[in-house]
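Work through the exercises below with the sequence and the model side by side. Try each task before you read its solution.

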Amino acid sequence: MANNTRARRKVRISRALGIALTPKAEKYMERRPYGPGQHGRARKKQDSDYAVRLREKQRLRAQYGIREAQMTRVFEEARRTSGLTGENLIELLESRLDALVLRSGLARTIAQARQLVVHRHITVDGARVDRPSFRVKEGQTIAVHERSETMVPFQVAAAGAHRDVLPAVPGYLDVKLESLQARLVRRPKRSEVPVTCEENLVVEYYAR
């Protein structure tokens, strides 16, 4: 029952933001490509510039499943880093352990990836890590702990069952799915990160 409630909530949020946050939400949105509620089909008035920037920020947050406080901290770090702030922001978010667990195909959704990390099923360079926000560095290896390898979710992942709903593995990851391992070979580049976002609007939101 709880799982169904969470799934419905994700579908509702996905339709409101105009982006599928889970495979199930994507199926619903294909059937009903408009906003939720009885007025979802109606033409909406022109959004203000602020509303456009706010929605873009919310879309980015939702794709990584993080809280506003976490997003703000990463933005401040991105702003202090040399280069384009928007690109830095997404590259830093993509270096999170839960994001890389998802990209590697070890999980089907970002929520599942976070749960696997929190429950200590994931290691980085052989050491268990239970913080989804852990920043993975270049050259580090992500793997499923040996005691967890026989669990059904990981056997499903090793068989490549999530590939039908996930984007292709990005070039910054070297994945050996049958061994339940992935290595971050280099820092993610914005052009390779499979998230839907106009990051300049997110920067404008925080710079207001």
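Predicted model: local features only at pLDDT ≥ 70, side-chain atom pairs only at ≥ 80, totals over all residues.

Residues are numbered from 1 along each chain as its sequence is written, and side-chain values use heavy atoms, with hydrogens and water left out.

**Exercise 1.** Find out where Ser 95 lies, and decide whether Ser 95 counts as buried or exposed.

*Solution.* Begin with the helices and strands, which are DSSP runs numbered from the N terminus (helices are H or I with at least four residues, strands are E with at least two). Ser 95 sits in the loop between helix H5 (85–94) and helix H6 (97–103). Next, take the relative accessibility, for which buried means under 20%, exposed over 50%, and partly exposed in between (1.4 Å probe, protein chains only). Ser 95 counts as buried because its relative accessibility is 7%. Finally, look at the surroundings: a polar atom of the Ser 95 side chain lies 3.0 Å from the backbone oxygen of Glu 91. Setting aside residues up to four places away in sequence, Ser 95 is in contact (heavy atoms within 4.5 Å) with Leu 100, Phe 134, Arg 135, Val 136 and Pro 188.

**Exercise 2.** Describe how strand E5 is paired, and which of its residues belong to the covered face.

*Solution.* Two strands pair if DSSP finds at least two bridges between them. E5 pairs with strand E3 (residues 141–144) in the antiparallel sense over three bridges, and Ala 143 stands opposite Gln 181 in E5. Strand E4 (residues 173–176) also runs antiparallel to E5, joined by four bridges, with Val 175 having Ala 182 as its bridge partner. E4 and E5 form a hairpin with four residues between them, and Leu 180 in the turn has a positive phi of about 55 degrees. Now turn to the faces: in a regular strand the side chains alternate between the two faces of the sheet. In E5 (residues 181–184), Ala 182 and Leu 184 make up the covered face, whereas Gln 181 and Arg 183 make up the uncovered one.

**Exercise 3.** Which residues are in contact with His 145, leaving aside its neighbours within four places in sequence?

*Solution.* Locate His 145 in the loop between E3 and helix H8 (152–158). With 15% relative accessibility, His 145 counts as buried. The contacts are Arg 120, His 121, Thr 123 and Arg 128. His 121 is 24 residues apart from His 145 in sequence, yet their C-alpha atoms are 5.4 Å apart.

Key
Polar contact = N/O pair within 3.5 Å; in protein donor to acceptor, adjacent residues only side chain to side chain.
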